[in-house]
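Dear colleague,

Please find below the structure that I am handing over to you.

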Amino acid sequence: MNTSLLIQLLVNGVIVGMLYGIVAMCFVLIYKSTQVVNFAQGEFVVLGAWVCLALVVNMGLPFWLAFLFSLVFMMVFGILVQVVLLRPLLGEPVISVIMATIGLSIFMQATMNWIFGNNAVRFPRVFDRGTVEIAGLNVETAYLMSFVLSLVVMGLFFWFFQYSRWGLAMRATAYNQQIAQSLGISVGRVFAMAWAISAVVSGIAGVVIGLVSAVSNSLAIIGIKVFPAVIVGGLDSIVGAIIGGLTIGILENLAEFVDGQYLHIGNMYSVAPFYVLLIILMIKPYGLLGTPDIERV
Amino acid sequence: MAHVPNPRPTGDFRATYAADRTLFRTRNETMAVLAGVVLVALCPLVFGGYVLSQLILIGIYGIAALGLNVLTGMTGQISLGHGAFFGFGAFASAWISGNGIPVLIAIPLAGLMTMAVGMIFGIPAARLKGLYLAIATLASQYILQDFFARADWFTGGTYGSLAETASVFGFQLNNDARYLYLVLFWVVVAFVAVANLARTRDGRALVAVRDHYLSAEIMGINLTRYRILSFGISSFFAGIGGALYGHYLGFVSAEGFTIILSIEFLAMIIIGGLGSVSGSLLGAAFILLLPQAMEVFANGVATVVPAIAQGTAYIKQMSVGAAIILFLVLEPEGLVHRWRMTRASWKLFPFSH
C-alpha cells in the first residue's frame with residue numbers, strides 16, 4: 001500500500017472538502033432561510049471568479065480591489081436574483097422553485113460561456129507559488145491559503161449567526177417566519193440578505209478556486225458536488241454542510257486511491273459520492289444530520 | 001392545482017358514472033384528436049425531410065415527456081434523471097436488436113428493461129419527497145451516465161453503439177416518411193394509455209398521492225407501491241422514446257443523455273402543463289422548436305449587428321433557460337392552461353370574466 005500517496009490524497013481531500021463545505025454552507029443558508037434549493041449555486045461560484053478575473057486582467061485593477069468589487073457585484077446580483085426571480089414564486093410548489101433555479105443556471109451558463117469564453121484562464125501571479133513542507137508533506141502555499149481562507153469564512157459565518165443582530169434575525173426567520181415577522185423582522189429583507197450573503201461567499205469560493213487552479217465554466221460542477229455534501233450533512237444544518245463537504249472531499253480522494261491502486265475501474269472520483277448519497281438516503285431519508293419533517297393531517 | 005375554467009357545451013350533463021369517465025369529453029374532442037392523427041399521417045405526402053424530422057422528434061420527445069408527466073405531473077415526484085432513462089432505452093434497444101431480435105420487438109423490450117431500471121432507482125424514492133427526491137434522482141442521472149461510459153458490452157463505451165434500422169417483414173423503415181408512422185403508432189399508444197390511466201383506479205391513486213400523500217395512505221393507498229409504479233411507468237415511456245430515438249439516428253452515444261436532457265424534459269412538462277396529457281406534446285414541440293426559432297431570429301439580427309453572429313449557439317441555450325423562468329413566473333400552469341383560458345373566454349363571450 002502506498003501510504004504517502006494516501007496521505008497526500010487525504011490532505012487534498014480536506015482542502016477541497018473545505019471548499020465544498022463553504023459552497024454547501026451557502027446552499028444550506030439559502031435553503032434554511034428561504035426554502036429554495038439553489039441549483040445555480042455552482043454558477044454563482046463561477047461568476048464570482050470570472051468577474052474578479054475580468055477586473056484584474058481587463059481593467060488592470062490590483063487584486064485586492066478587484067476582489068472587493070467582485071464581492072459587491074455578487075451581493076447586488078444575489079439580491080437581484082431573489083427579488084426578480086424568486087419573490088414572484090413565493091408559495092409555489094417545490095418543483096416550480098427548483099425549475100426556476102435550474103432555468104437560472106442554464107441561462108447563466110450560456111451567458112458566461114458567451115461573455116467569458118469556453119477556455120480555462122489562469123489568474124496572473126497574485127501570490128508567490130511555492131510549497132511548504134508540513135510534517136513531511138509538500139503542500140502548495142496556494143492550497144494552504146485556501147484552507148486558511150475557508151477557516152476564516154467559516155469563523156465569520158459562526159460569528160454572524162451567533163452574535164450579530166441580522167444573523168439572529170435570519171435564524172429567527174428560519175425557525176418560524178410568522179413569529180419572526182410579528183417580532184418586527186422584515187422577512188423580505190432577510191430573504192434578500194440570505195441570497196446576498198450566499199452569493200458573496202460563493203464568489204469568494206470561486207476566486208479562491210480560481211487562484212488555486214484556474215477559472216473555467218466547468219467549475220460549476222461544484223454546484224452539483226454540493227448535493228451529496230448537503231445530503232450527508234442534512235439540508236438544514238450549516239455545521240452539517242461543512243462536515244458533509246469535508247466528508248465528500250475526503251471520500252472522493254479515497255475513492256480515487258482505492259480505484260487507482262486496486263480496482264482500476266476509472267472515474268470513481270466523480271461517481272462515488274453519488275452512490276454514497278443514494279445509500280444514505282435509503283437508510284436515513286433526511287440526511288445524516290437533517291431534521292425529519294413531521295407532518296400531521 | 002389551481003382552478004382551471006374548462007367549460008363543457010351547454011346541455012352536456014353527465015348522468016352516469018360511465019359518462020363521466022369517457023376518454024374524450026365530447027364528440028368534437030374525439031373528432032379533433034382523430035383528425036390530428038390523420039393529418040400527421042398524411043404529412044409525408046406534402047412535406048419534405050425537415051418537417052418530417054421535426055415531427056418525428058416531437059413525437060419521440062413527447063412520449064418521453066409524457067412519461068415524466070406521469071411521474072411529476074400525476075404523482076408529484078420530481079425526477080432529474082429522466083434523460084438518463086431515455087438514454088438507457090436507446091442503448092437497450094440498440095443492444096437487444098444487435099443480438100438478432102427484430103427492432104419492432106426490441107423497442108417494447110427496451111421499454112421494459114428501462115422500466116426495471118427505473119423501478120430499482122425508484123426504491124429510494126419510495127421514502128423520499130420533494131427536495132431529497134430531486135437530489136436522489138440527480139444521483140441516478142450521474143450513476144447511469146457513468147454506467148454508459150463504462151459498460152462496453154452494453155453501450156459500446158466511449159465509442160457508442162450502432163442501432164439497426166427498423167423493418168416490418170423485410171420492409172425497411174429507412175427514411176423519415178416511413179419512420180414517422182412507427183413513431184406515430186407509439187405516440188398514439190402512449191397517449192391513449194396514459195389518458196386511460198388517469199381514469200383507472202391506479203391513476204386516481206397516483207393523483208391522490210400527489211395531492212396529499214398522508215390522506216392517500218390513510219385511505220388505503222400503498223404509497224411505496226404506487227411511487228415505485230409511477231417510476232416504472234415513467235421510465236417505460238422514457239425507454240420507448242429513447243429506443244425510437246436510437247433507431248431513428250442509427251447511432252447511440254452517451255454524450256447526448258446528460259443532465260441537460262433531463263432538464264429539458266422537465267422544461268417540456270412545465271411549459272406544456274404539469275399533469276396534462278396533451279400538454280406533454282405541446283411542451284415537447286415548444287422546447288424543440290424554440291432554439292431553432294431563436295437561431296433564425298439571431299441570424300436575422302446578426303445581419304444588422306454582426307457581433308451577435310458568434311453567439312447564436314449561446315442564444316439558443318439562453319432561450320431555453322429564459323423560457324423556463326418566464327413560464328414559471330408568468331404562466332405556471334403551462335401552455336395547456338393558456339389554451340383553455342382562450343377557449344373559455346371565447347365560449348363565455350361576452351361574459352368572459
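Predicted model: local features only at pLDDT ≥ 70, side-chain atom pairs only at ≥ 80, totals over all residues.

In what follows, buried means under 20% relative accessible area, exposed means over 50%, and partly exposed means in between (1.4 Å probe, protein chains only). By that scale Ile218(B) is exposed, because its relative accessible area is 63%. Ile218(B) belongs to helix H10 (residues 213–218) of chain B; helices here are DSSP runs (H or I) of at least four residues, strands are runs (E) of at least two, and both are numbered from the N terminus.

Residues are numbered from 1 along each chain as its sequence is written, chains are lettered from A and ligands numbered from 1 in the order in which they are written, and side-chain values use heavy atoms, with hydrogens and water left out.

I turn to the interface. Chain A and chain B bury about 4,200 Å² between them, and 79% of this lies on carbon and sulfur atoms; buried area is the accessible area (1.4 Å probe) that two parts lose on being put together, summed over both. Chain A supplies 47 residues to the contact and chain B supplies 42, where contact means heavy atoms within 4.5 Å. Zero salt bridges are counted between chain A and chain B, a salt bridge being a side-chain nitrogen of Lys or Arg within 4 Å of a carboxyl oxygen of Asp or Glu.

Next, the annotated spans. The unreviewed UniProt entry for chain A gives "transmembrane region" for several spans, including residues 37–57, 63–86 and 226–250. For chain B, the unreviewed UniProt entry gives this annotation for spans that include residues 53–71 and 179–198. UniProt positions are in the numbering used here, feature names are shortened, and annotations may be inferred rather than shown by experiment.

- Residues 37–57 of chain A are 81% helix and 0% strand, with end C-alpha atoms 33 Å apart.
- Residues 226–250 of chain A are 84% helix and 0% strand, with end C-alpha atoms 14 Å apart.
- Residues 53–71 of chain B are 100% helix and 0% strand, with end C-alpha atoms 28 Å apart.
- Residues 179–198 of chain B are 95% helix and 0% strand, with end C-alpha atoms 29 Å apart.

Several individual residues of chain A also deserve mention. Thr173(A), in helix H6 (residues 165–175), counts as buried because its relative accessibility is 1%. Leaving aside neighbours within four places in sequence, Thr173(A) is in contact with residues including Ala180(A), Ile185(A) and Phe191(A). Ala180(A) lies in helix H7 (residues 177–182) and is likewise buried, with a relative accessible area of 1%. With residues up to four places away not counted, Ala180(A) touches Ala172(A), Thr173(A) and Ile185(A).

Gln35(A) sits in the loop between helix H1 (3–34) and helix H2 (41–57) and has a positive phi of about 55°, although it is not a glycine. Most residues other than glycine have a negative phi. Gln35(A) counts as partly exposed because its relative accessibility is 45%.

Yours sincerely
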